Amino acid sequence: MNFIIDNWYLILLALVSGGMLLVPLLKGSTGGTLSAANAVQLINREKAVVIDVCEPEEFAAGHVNGARNVPLGELQDRLPSIVKNKALPVILVCSKGPRAQRAEGIARKLGYPRAQALAGGIKAWREANLPIEKG
């Protein structure tokens, strides 16, 4: 008990640090690390290929201009035929981010080292006031 009383500030520091580690979990993970602005740069400067891993209905409701729709369940089979040059950057997008994060792992296993998931998905793209295609 004396240890706790004598070192209360260390215990408080440990609790605060632990709490800060939990904040992203409580806010909800958005998946991915690529920001919308960085994605636009990759598209414009390096001709990145945008792959939307949403289901066809979600894709029709709105997607990044020029994106190709490959649902997550079909990605492993269809990605090599869509993106033949594995050196190109591949931007993976979904509605909020988690599916794109899983798709990034699949793409990297298929040999696409520059595959990246868009953080926040289409939601973040819209919040950045970037153009959306429908249909």
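Tutor: A residue is called buried when its relative accessible area is under 20%, exposed when that area is over 50%, and partly exposed in between. The model is predicted. By this cut-off Glu58, at 31% relative accessibility, counts as partly exposed. Its partner is Arg99, with which Glu58 forms a salt bridge whose closest N and O atoms are 2.9 Å apart. The two residues belong to distant parts of the chain, since Glu58 sits in helix 4 (residues 56-61) and Arg99 in helix 6, 41 residues apart. Arg99 has a relative accessible area of 18%, and therefore falls in the buried class.

The count of salt bridges comes to 4. Another of them joins the side chains of Arg114 and Glu46, at 2.3 Å from N to O. Arg114 is in the loop between helix 6 and strand 5, whereas Glu46 is in helix 3 (residues 36-46), so this pair ties together parts that lie 68 residues apart in sequence. Both partners are classed as partly exposed: Arg114 has 33% relative accessibility, and Glu46 has 34%. A further salt bridge is formed by the side chains of Glu74 and Arg78, with 2.8 Å from N to O. Glu74 is partly exposed, its relative accessible area being 34%, and Arg78 is likewise partly exposed, at 31%.

The packing may now be set beside these pairs. In soluble globular proteins, nonpolar side chains tend to be buried together. Here the largest nonpolar core consists of 19 residues, and Ile51, Val53, Leu75, Val83 and Leu92 have the most contacts inside it. At least two residues of this core come from each of the following: strand 1 (49-52), helix 5 (75-82), strand 4 (90-93), helix 6 (98-109) and strand 5 (115-117). Helix 6, which contributes to this core, is also the helix that holds Arg99 of the pair with Glu58.

Ile51 gives a detailed view of the contacts. Neighbours within four places in sequence being left aside, Ile51 touches Arg68, Val70, Leu75, Leu79, Ile82, Val83, Val90, Ile91, Leu92 and Val93.

Technical notes. Residues numbered from 1 in each chain as written. Predicted model: local features only at pLDDT ≥ 70, side-chain atom pairs only at ≥ 80, totals over all residues. Heavy atoms only, no water. Core = buried A, V, L, I, M, F, W, Y, C linked by side-chain atoms within 4.5 Å. Buried < 20%, exposed > 50% of the residue type's maximum accessible area, 1.4 Å probe, protein only. Helix = DSSP H or I, 4+ residues; strand = E, 2+ residues; numbered from the N terminus. Contact = heavy atoms within 4.5 Å.
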